[in-house]
Amino acid sequence: MERMKLIELLNDMSLEEKIGQLVQLSSNFYEDEAVLTGPAMEFGIGEAEINHAGSTLSIFDPKIIKQIQENAVKKQPHNIPLLFMADIINGYKTIFPIPLAQGCTFQPELAKKCAEVSAKEASAGGLHVTFSPMVDLVRDARWGRVMESTGEDKYLNSLFAAAIVQGYQGKDLKDKGSIASCVKHFAAYGAPTAGKEYNNVELSLRSLKEDYLPAYQAAIDAGVSMVMTSFNTLDRIPATGNKWLMQDVLRKQIGFEGVVISDWAAIEELITQGVAQDKEEAAQLAMVAGVDIDMATNVYIKNLKRLIEKGILNETQIDEAVLRILTLKNELGLFENPYKDLDIEEYSRYNLCPEHRKIARKAAADSMVLLKNDAILPLKKKEQCIALIGPYAEEMHLYGAWSLLGEDSNTISLKSGMELADADNELLCVKGVNLLSEKETLYGFKGLVSESNPVTKDAMKEAIKAAQKADIVILALGEHAYHSGEGGSKADLRLPKQQRELFKAVSQVNKNCISIIFSGRPMDLREIAEGSKSVLQAWFPGSEGGNAIADLLYGIVSPSGRLAMTFPYSTGQVPIHYDHFNTGRPFNGDHKNRFQSKYLDIPNEPLYPFGYGLGYTKFSYSEVKLSKTNMNKQDTLTASVVVKNIGEHEGIETVQFYLQDQKASVVRPVRELKGFQRVFLQPAESAEIKFEISEDMLRFYNYNMDYTSEEGTFLVFIGENSTTMNQAEFKLQLC
Ligand code: NOJ
């Protein structure tokens, strides 16, 4: 439909109809067995209002979507179709590793492929919009939603944000297999105080602009269709009612022209947060801020008309919001075909097809991070007895908290993966302890979560017996999927107590322990690392998890994942991130000097730093070579290293390039990631890796809050992770 026609349509709509477009009804309005990803709200609306609604969320059955759309188009006075939205986070039916794991691939193009597959499956299933990617920068592993982010680095997050948006949306939203993407949560939801869910955010303006906004900006530059507001406050003002944030920052500075949706009930929560007296004021605040769609409450539907009648709001504000929503519907081609790509036959054919599983297997293998390896991996295929012990040995729920359509029956467990990889081994499989502790009650999106195959009291003894008999023990440990994700904040980052006991008992009787950790967050793995010969961080790897782990264990695939988020030494270190600042008294290792920036009881260093990860081979680095040591504004200079595989296996190295501004008008991070390259090398093979440095890479918000660079000396670090000291120095001259 041409834009003029859309405007004609808008002009012909009644105020009630327009307000309807701004309302998103939860799935319980349409089906009995609804999936609620937030609290059920009181609505008190009748059929006419339901028929005017502009969108809905979390309806997944394509047959039901078809019926609802048929009905909606018939009953909406101008036959305007509904938008069907849902949280397709790390896969639709084919489940990929969680986003944090995808970040560890350091391969945005792979995440793009995962998004393409998700879009293809979801659009055949009748969906139009996904609430993904979540690009919130995360530094505090206590916050359960770190699993949904691609990590702690603004540069890496920005690359992933753009790639994922492009993956979902393709070239044109009308194209078959494309869905609209909604980036979230604007803004700074990833910095809740004390890592506690929905908590307030206290952040400097400089940090907001420099660290937190770039990934949203990248998604918007990539053409993302929608932005979701966040639950948190920012500078004491809730984001969902924050006019400065939505208008000045999002619309004017960042240049977003698409649809803004509230998070679930976030408009109504302005009352509980204490900035709105009642629903009417909440509606006013959100509308003035520029929130187009009210997700899952009746605040807009019950109050906007009155606010206009009272002259508090202007109808043109409503018109602008409605036009944005109609434009999105038009871009998706819904006026011509309200069902878009919905096709039951294709839906069945695409879901979990071999091609999609292949991508899921690669993504899972490439996302896992080998944290420790004392020459025990890769496993040799020979007759030996392997004891596979722990609650994740046979667990099928390997897809994390945000996978609403993942089914256990479609997942390859670790046990199956190992059996498929090597039929000659004797595999003893014992669960040992439950995933959930005895009195724990845990709720997920579909209600109470229960233990799968609970163990008997003797299970621990069986585990010890198996460990005694085995040549090698593989311990499959971790958190329950619902220990992370929304509402999954935790104050202790160690593994559950019963698993630590299992680990202790087993590692005492067998010294050849390989620990595989399933989790949605970085954990405190000190005890595990100390007692294991090898530790593999498997995250929640998705449908092909078991196969992917077996690929790595047997060396069919070389481990190549690198940490996108720091693993703390202990919970007391968080929030922790590699791009911190120097204090005036940085710790120099001398404990006799009390007056330095350090802890008395733990080291300053994390257990595993950002960018860290092992493979089955070793690489050497030459010194950093610079093409010149002075540059000016128009210039670029090249930094290079020669990387050589000096081990016995082929392998992939992720060569990482960081910069440090040594002196500026404001304090600058000790280093910042500016580039990386993955290089595959055979034993004895080497490659020259080059990074180009230009002045724009050196910009930051200076003393006057101008985004600019300043003259001076910079250090270039190129190496295997964020702690590399392989460095060279150059000067920037501005005239
Ligand atoms: C609340 C979550 O914060 C958001 O990320 C999600 O998209 C909505 N619920 C809808 O499920």
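1. The lining of the largest pocket divides by class into 17 nonpolar, 14 polar and 10 charged residues. In this scheme Ala, Val, Leu, Ile, Met, Phe, Trp, Tyr, Cys and Pro count as nonpolar, Asp, Glu, Lys and Arg as charged, and the others, Gly among them, as polar. The model is predicted: local features need pLDDT of at least 70 and side-chain atom pairs count only at pLDDT 80 or more, while totals for chains, interfaces and linings use all residues. Residues are numbered from 1 along each chain as its sequence is written, and side-chain values use heavy atoms, with hydrogens and water left out.

2. The volume of the largest pocket is about 1,300 Å³. Its lining holds 41 residues, and H577, Y578, H580, F581 and V670 lie nearest the centre. Two or more lining residues come from each of helix 8 and strand 26 (700-701). Helix 8 gives the largest share, 4 residues. Helices (H or I, at least four residues) and strands (E, at least two) are DSSP runs numbered from the N terminus. Pockets and cavities are found on a 1 Å grid over the protein atoms alone: a cavity is a set of points where a 1.4 Å probe fits but cannot get out, a pocket is an open set with protein on both sides within 12 Å along at least five of seven lines, and lining residues have an atom within 4 Å of a point. Grid points are joined across faces, edges and corners, and a volume is the space filled by probe spheres set on the points.

3. How many cavities of 30 Å³ or more are there? The count is 3. The largest cavity holds about 150 Å³ of space. It is lined by 20 residues, with I89, P99, Q102, S132 and I164 closest to its centre. Helix 5 (99-104), helix 6 (108-124) and helix 7 (154-169) are the elements that give two or more residues to this lining. By class the lining has 13 nonpolar, 6 polar and 1 charged residues.

4. The second largest cavity holds about 90 Å³ of space. Of its 13 lining residues, T37, D87, M228, D263 and W402 lie nearest the centre. The classes here are 6 nonpolar, 2 polar and 5 charged.

5. D211 sits in helix 8 (residues 205-221). Is D211 buried or exposed? D211 is buried, at a relative accessible area of 11%; buried means under 20%, exposed over 50%, and partly exposed in between (1.4 Å probe, protein chains only). Its side chain makes a polar contact with the side chain of K154 (3.3 Å). A polar contact is a pair of N or O atoms within 3.5 Å; within protein, one must be able to donate a hydrogen and the other to accept it, and residues adjacent in sequence count only if both atoms are side-chain atoms. Neighbours within four places in sequence aside, D211 is in contact (heavy atoms within 4.5 Å) with L137, R139, K154 and R206.

6. T724 lies in the loop between strand 28 (712-719) and strand 29 (727-733). T724 is buried, with 5% relative accessibility. With neighbours within four places in sequence left aside, its contacts are R671, F717, I718 and G719.

7. The model has 0 disulfides, a disulfide being a pair of cysteine sulfur atoms within 2.5 Å. C104 is buried at 1% relative accessibility, and C182 is buried at 0%.
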